Amino acid sequence: MRRYRRAGLQRGGIELRQLLRNPKELSGHLTNVAVALALAAYIGDDVPGTQTPMAHLVLAGFAAYLLFQTGLVNLPQMLVTEREEGALLRLRATPGGIPAYLIAKCLLVLGTAVGTLALLLLSAAVLVDGPLPHGPGGWLTLLWVTTLGLLAVVPLGAAIGAVLPNPREALALIMLPTMGLLATSGAVFPITSLPVPVQQVASVFPLKWMAQGLRSALLPDSARAAEAAGSWELPMVALVLTAWAVLGSLLAVPLLRRAARRESGSRLSARHRKAAQSGAMPV
C-alpha cells in the first residue's frame, strides 16, 4: 500500500501540474471566481436585519458552492470521461492501479478546491473588500468546514461518476440539481427569504450546511440574525457533513469496484462505436 500511495501522490502531482498548464480547463475555475467577484461588486445592500453587506454573504455562499462543485460536478465528469477513454480498463491490469488512481483524484480535487477557495477569498479581500476570517477561531472554523465539506462531497461525487452513463449525459444529469441546490440552499441570498418547506428540503443536503459553516467563519456574529435558527448551528453543520461523508464513502467504494469489474475491451469498443455513430467522436 505504501508503494500505491506513493504512485497515487505522484500521479496526483502530475495531474495538478497539467491542470495549471491547461488554459482551457483552468479558465473554467477562474470564470467561477470572476462571476462571484462581479456579483459581489454589483450588490450594494445589507443583509436584512443586520449591518452585514449582502456581498459578503454572497461571497461566503459562493465559496461553499465552489467546494461543492469541485466534488460533485467536476469529479464525476472526470471519472466518467476517463472511464470512456479506457483509463479504468488499463488500470485494472496494473497492480494497485485503482487505489493509486483514487488517491491521485483525491489530491487533484483537494488542490483544485483549496486553490480556488484561496483565490476567491484573497482576490475578494483585495478587489471588493470581501470578508476574511476574524481571529484564530475563524480560521479554524474555515479549515474544519472546508475539510468536512470536501469529505462530504468527494466520495459522493466518485459514487455518482461510477454510475453515470457517459460524458455527454453527465453534465445535464448533474448540473440541473446542482443549480437547484444553489438557488435553495441560502448560498446567494438569505435562506430565511425562502418558504419553510424549501428550507427544510435544502437542509437535507450538504451545500446548505457548507455555506452556513463558511458564513460563520467569514461573517461577524451579528449576521446570525439572518439564519433560520438565529445561530450558526456549528454542531449541526459538523453532524450533517459527517453523515454525508460516511454515506458517500459507503456508496463510493462498492460502486467504483463494480464499475472496474464491469469494464472490458468489448464494452469499451461498443461504447466507442456508439459514440462514433452518434457523431460524438471521430470514427
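Guide: Begin with one term: two residues are in contact when heavy atoms of theirs lie within 4.5 Å. Keep in mind also that this is a predicted model. Now take His29, which lies in helix 2. Leaving out residues up to four places away in sequence, His29 touches Leu19, Asn74, Thr112 and Thr116.

Visitor: Is His29 buried or exposed?

Guide: The cut-off for buried is under 20% relative accessible area. His29 has a relative accessible area of 14%, so His29 is buried.

Visitor: Leu19 was among the residues that His29 touches. Where is Leu19 found?

Guide: Leu19 is in helix 1, which covers residues 2–20. Leu19 counts as buried, at 7% relative accessibility. Apart from neighbours within four places in sequence, the contacts of Leu19 are Glu25, Leu26, His29, Leu108 and Thr112. Leu19 and Thr112 are 93 residues apart along the chain, yet their C-alpha atoms are separated by 8.8 Å.

Visitor: Let us step back to the whole chain. How many helices and strands does the protein chain have?

Guide: The protein chain has 11 helices and zero strands. Written as a pattern along the sequence, that is α-α-α-α-α-α-α-α-α-α-α. The protein chain has 283 residues, of which 46% count as buried. If you take the contacts between residues at least 6 apart in sequence, 77% of them join residues at least 24 apart.

Visitor: How should I read the packing of two helices?

Guide: Two packed helices are described by the angle between their axes and by the distance between the axes. For helix 3 (54–84) and helix 6 (residues 135–163), the angle is about 30° and the axes are 8 Å apart. Angles under 35 degrees count as roughly parallel, and helix 3 and helix 6 are therefore roughly parallel to each other. The crossing of helix 3 with helix 6 is right-handed.

Visitor: Which residues in helix 3 and helix 6 meet?

Guide: From helix 3 come Leu67, Phe68, Gly71, Leu72, Leu75, Pro76, Leu79, Val80 and Arg83; from helix 6 come Thr146, Leu150, Val153, Val154, Leu156, Gly157, Ala158, Ile160, Gly161 and Ala162. Sorted by class, this contact of helix 3 with helix 6 has 14 nonpolar, four polar and one charged residues.

Gly71 is buried, with a relative accessible area of 0%. Setting aside neighbours within four places in sequence, Gly71 is in contact with Pro76, Val153, Val154 and Gly157. The C-alpha atoms of Gly71 and Val154 are separated by 4.4 Å, although these residues are 83 apart along the chain.

Visitor: At what angle do helix 6 and helix 9 pack?

Guide: Helix 6 and helix 9 (residues 206–218) pack at about 165°, with their axes 8 Å apart. That angle makes helix 6 roughly antiparallel to helix 9. Their crossing is left-handed. On the helix 6 side the contact is made by Gly138, Thr141, Leu142, Val145, Thr146, Gly149, Ala152 and Val153, and on the helix 9 side by Pro206, Met210, Gly213, Leu214, Ser216 and Ala217. By class, the contact of helix 6 with helix 9 has eight nonpolar, six polar and no charged residues.

Visitor: What about the nonpolar core?

Guide: A nonpolar core is a set of buried nonpolar residues joined through side-chain atoms. The largest one here has 63 residues, and those with the most contacts inside it are Leu67, Phe68, Leu75, Leu120, Met210, Leu214 and Leu241. The elements giving two or more residues to this core include helix 2, helix 5 and helix 10. Helix 3 gives the most, with 17 residues.

Leu214 shows such contacts residue by residue. Beyond its neighbours within four places in sequence, Leu214 is in contact with Ala60, Ala63, Ala64, Leu67, Leu142, Val145 and Thr146.

Visitor: Which residues lie in the loops, for instance between helix 5 and helix 6?

Guide: One of them is Asp129, in the loop between helix 5 and helix 6. Phi of Asp129 is near 55°, a positive value in a residue other than glycine. Asp129 is exposed, with a relative accessible area of 60%. Glu233 lies in the loop between helix 9 and helix 10, and phi of Glu233 is also positive, near 55°. Glu233 counts as partly exposed, at 25% relative accessibility.

Note on methods: Residues numbered from 1 in each chain as written. Predicted model: local features only at pLDDT ≥ 70, side-chain atom pairs only at ≥ 80, totals over all residues. Heavy atoms only, no water. Axes fitted to C-alpha atoms, helices over the stretch in contact; angles between N-to-C directions. Helix = DSSP H or I, 4+ residues; strand = E, 2+ residues; numbered from the N terminus. Parallel < 35°, antiparallel > 145°, perpendicular 65-115°, else oblique. Left-handed = near helix turned anticlockwise from the far one by under 90°. Nonpolar A, V, L, I, M, F, W, Y, C, P; charged D, E, K, R; others polar. Core = buried A, V, L, I, M, F, W, Y, C linked by side-chain atoms within 4.5 Å. Buried < 20%, exposed > 50% of the residue type's maximum accessible area, 1.4 Å probe, protein only.
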